[in-house]
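Please look over the structure shown here before reading the notes that accompany it.

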Amino acid sequence: MILIPIPSSDFDPSEASLPWKLLSESNFKFQFATPDGKKAKADERMLTGKGLGILKSGFMARRDAKDAYSEMENSKEFQNPIPYSKIKEKEFQAILLPGGHAQGMKEYLESKILQNVVVDFFHSNKPVAAICHGVLLAARSIDPKTNKSVLYEKNTTALLQKQELLAYYATKLWLGNYYKTYPLTVQAEVTSFLKSKEQFKTGGSFSVRDSLENPGVGFTVVDGNYVSARWPGDVYQFTNDFKSIL
């Protein structure tokens, strides 16, 4: 059973639904968790493109992700999440941490309960997969045995600063802070938790999205039982690498 914690709203539909769909097809089982145990809702703008204007086609979820999200949204496991407070690491084989950038993500990214859960998964050496802002949740998870992040000695990637700022400045005039969750970029904050800034890997192109037919376009970093990726454009490679450590 794989655990997918998500906020009540605003998580990225691609980063949650495509791994769910692809791994479900390989007979993996899932349990979702939300702050209050109620069904969650993905970032609507990523599903509809509303407000993105001429940037719509490049910024919103693609058809494959929208289709996968529709399936996931109607699944029994998605409709019956458990509250964060009921999560017990010993009941799961792995954890998947999706991302998302809108303000509703903060209850997930700032949850002390989830941060402690992530620490437990690292202590148990169980597979942990984090993508985009999901890496920020992992980075903020402080191991009480060391008083350092669970990622302190790990190689990782996450949403790149240039990706975040490009989206922010391209839409700031009419969407405000929609693409900037915090004043500090994800890359800057994640790097601040690492032993060395050299552990943060940026990869190659971030303008081309991978696909089921061509996952190799995506960029991931695998370090032991931990795999990370930058954005929805890496999600197929991310899922393949996650599967390889399950």
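Predicted model: local features only at pLDDT ≥ 70, side-chain atom pairs only at ≥ 80, totals over all residues.

Residues are numbered from 1 along each chain as its sequence is written, and side-chain values use heavy atoms, with hydrogens and water left out.

**The sheet**

- Seven strands form an open sheet of mixed pairing, in the order 5-3-1-6-7-11-10, where helices (H or I, at least four residues) and strands (E, at least two) are DSSP runs numbered from the N terminus, and two strands pair if DSSP finds at least two bridges between them.
- The edges of this sheet are strand 5 and strand 10 (220–223), each of which pairs on one side only.
- Strand 1 (residues 2–5) runs parallel to strand 3, to which four bridges join it; Leu-3 stands opposite Gln-31, and Pro-5 stands opposite Ala-33.
- Strand 1 also pairs in the parallel sense with strand 6 (residues 94–97) over two bridges, with Leu-3 opposite Ile-95.
- Strand 3 is joined in parallel to strand 5 (residues 82–83) by two bridges, and here Thr-34 stands opposite Pro-83.

**Enclosed elements**

- Strand 3 (residues 30–34) is largely enclosed by the rest of the structure, because five of its five residues are buried, a term that means under 20% relative accessible area, against over 50% for exposed and in between for partly exposed (1.4 Å probe, protein chains only).
- Both faces of strand 3 are covered, with Phe-30, Phe-32 and Thr-34 buried on one side and Gln-31 and Ala-33 buried on the other.
- In strand 1, Ile-2 and Ile-4 point one way and Leu-3 and Pro-5 the other way, and all are buried.
- Helix 11 (residues 235–245) has eight of its eleven residues buried, so this helix too is largely enclosed by the rest of the structure; among the buried ones are Tyr-236, Phe-238, Phe-242 and Ile-245.

**Nonpolar cores**

- The largest nonpolar core has 69 residues, of which Phe-11, Ile-87, Leu-97, Leu-151 and Phe-242 touch the most other members; such a core is a set of buried Ala, Val, Leu, Ile, Met, Phe, Trp, Tyr and Cys residues joined through side-chain atoms within 4.5 Å.
- Helix 7 (residues 112–123) gives the most to this core, with six residues.
- Apart from this core lies another, of nine residues, including Met-46, Met-60, Leu-175 and Tyr-178.

**The largest pocket**

- The largest pocket has a volume of about 420 Å³, a volume being the space filled by probe spheres set on grid points that are joined across faces, edges and corners.
- A pocket is an open set of points, on a 1 Å grid over the protein atoms alone, where a 1.4 Å probe fits, with protein on both sides within 12 Å along at least five of seven lines, and its lining residues have an atom within 4 Å of a point.
- The lining of the largest pocket has 23 residues, and Phe-59, Gln-163, Ala-167, Tyr-179 and Trp-231 lie nearest the centre.
- Helix 9 supplies the largest share of this lining, four residues, and helix 1 (13–24), helix 3 (56–59) and helix 9 (161–175) each supply at least two.
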